Amino acid sequence: MRHNFGAGPCILPQEVFKQASQAVLDFKDGLSILEISHRTAEFEAVVEETTKLVKELLNVPSGYSVLLLQGGASLQFAMVPMNLLPQGKTAAYLETGVWANKAIKEVPAFGTANIVASSKSENFTFVPKGYTIPEDSAYFHCTSNNTIYGTEIFDFPETSVPVVCDMSSDIMSRVIDVSKFDLIYAGAQKNIGPAGLTIVIVKDEILGKADRKIPSMLDYKVHIEGGSMYNTPPVFSIYVAMLNLRWLKSKGGVAEIEKENLAKANALYREIDRNPLFKGTCAVEDRSRMNVCFVMENPELEKPFLKYAEENGIEGIKGHRSVGGFRASMYNALPITSVHALIELMQNFAEKHA
């Protein structure tokens, strides 16, 4: 058996793969989901159900719109300031890793980015705390989970400034209070569905205030008015996301999956802290539940351990090329039995190299 700890695109439940593969062959009257018109009533129902499931699972309040877009979080890095940052104004950014930094780099085309706090000096191994967000900021932007460095924000700042959050890698993994955010965006390829879909949850009242002409494809209001179908949507990605969100709902929703995710993370971190061959790389209080990053006390054993893992069915634990070491990504669909398999492997390797 193979155990997939890859950082993304995500592992999906087997039942979702089976349902999706059937739809590739026959979605409606012999037509594949890959060839069905996105303007049919059948696919419009898919968009409607997917949107409804996002709202239901995250308890999205009234006054917010849910959009099913394309371009990944990387396009949102530019769409956010384009739509929310008036020319000459400043937006506050929290710098906690590569993706936060990429978002910051897009801001100067529209205004000024004020980095209110950063953990760059410590190689992003912790989440900054106790910083001040200037009240005249157009918005405050943060990245909730950092896949490369393995940190996660558990306490978001209280502020009167509109809050924007990139939740690409931990959305749907834990209960959040959407009302505390004015815009949430997330690439779907971690806990929602396959690559190609981006979810945006936006408070309607914050839009339309940037004093610039926004191209139609980059204007949130245009996509709201078009019901996420201003242009041809990523049909298959939306359909599979719908199936996956149905699966999540059937398991009891986000609150129940959070319990499973916490159990998986706690089990693996306990082994890392107990096993003399391994050590964690992040501040304990900021350790991500989604992406567990660790190294070996003896770096010379890292290649042998990686080889041993691959030979024994453990996939995708090699750390990001920019930091090395190991990274075990444990998204919603990863069963705890896979975590136990990795723990047993770590124990066996330690016995061999005691």
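**Exercise 1: A helix pair**

In this predicted model, the axes of helix α1 (residues 14-25) and helix α6 (residues 235-250) come within 10 Å and cross at roughly 145°. Work out the hand of the crossing of α1 and α6, and find which residues make the contact.

*Solution.* Start with the hand: α1 and α6 cross in a right-handed manner. Next, list the residues on each side. Helix α1 brings Glu15, Val16, Gln19, Ala20, Ala23 and Val24, while α6 supplies Phe236, Tyr239, Val240, Leu243, Asn244 and Trp247. Finally, sort them by class: the contact of α1 with α6 has nine nonpolar, two polar and one charged residues.

**Exercise 2: An open sheet**

Give the order of the three strands in the open sheet, and explain which of them stand at the edges.

*Solution.* Begin with the order, which is β11-β12-β14, with antiparallel pairing. Now count partners: β11 (278-280) and β14 (326-329) each have a single partner strand, so one side of each is left without a neighbour in the sheet. These two strands therefore stand at the edges. On average, neighbouring strands of this sheet are turned by 35° against each other, direction ignored. For a closer look at one pair, take β11 and strand β12 (residues 291-296), which are joined by three bridges. Within this pair, lysine 279 stands opposite valine 295 in β12.

**Exercise 3: Across the sheet and alongside a helix**

Find which strands helix α7 (residues 254-274) lies across, then decide whether α7 and α9 are roughly parallel or roughly antiparallel.

*Solution.* First, α7 lies across β11, β12 and β14, running at about 15° to β12. Second, turn to helix α9 (residues 336-352): its axis and that of α7 come within 9 Å and cross at roughly 5°. Angles under 35 degrees count as roughly parallel, and α7 and α9 are therefore roughly parallel to each other. Third, look at the contact itself. Residues of α7 including Ala263, Ala267, Leu268 and Ile272 meet residues of α9, among them Ile336, Val339, Leu342 and Met346. The residues of this contact divide into nine nonpolar, one polar and three charged.

**Exercise 4: An aspartate in a loop**

Is aspartate 286 buried or exposed, and which residues does aspartate 286 touch?

*Solution.* Locate aspartate 286 in the loop between β11 and β12. Its relative accessibility is 3%. Buried means under 20%, so aspartate 286 counts as buried. Not counting residues up to four places away in sequence, aspartate 286 touches Phe126, Val127, Lys129, Gly150, Thr151, Glu152 and Phe154.

Terms used:
Residues numbered from 1 in each chain as written. Predicted model: local features only at pLDDT ≥ 70, side-chain atom pairs only at ≥ 80, totals over all residues. Heavy atoms only, no water. Pairing = 2+ DSSP bridges. Helix = DSSP H or I, 4+ residues; strand = E, 2+ residues; numbered from the N terminus. Axes fitted to C-alpha atoms, helices over the stretch in contact; angles between N-to-C directions. Contact = heavy atoms within 4.5 Å. Parallel < 35°, antiparallel > 145°, perpendicular 65-115°, else oblique. Nonpolar A, V, L, I, M, F, W, Y, C, P; charged D, E, K, R; others polar. Buried < 20%, exposed > 50% of the residue type's maximum accessible area, 1.4 Å probe, protein only. Left-handed = near helix turned anticlockwise from the far one by under 90°.
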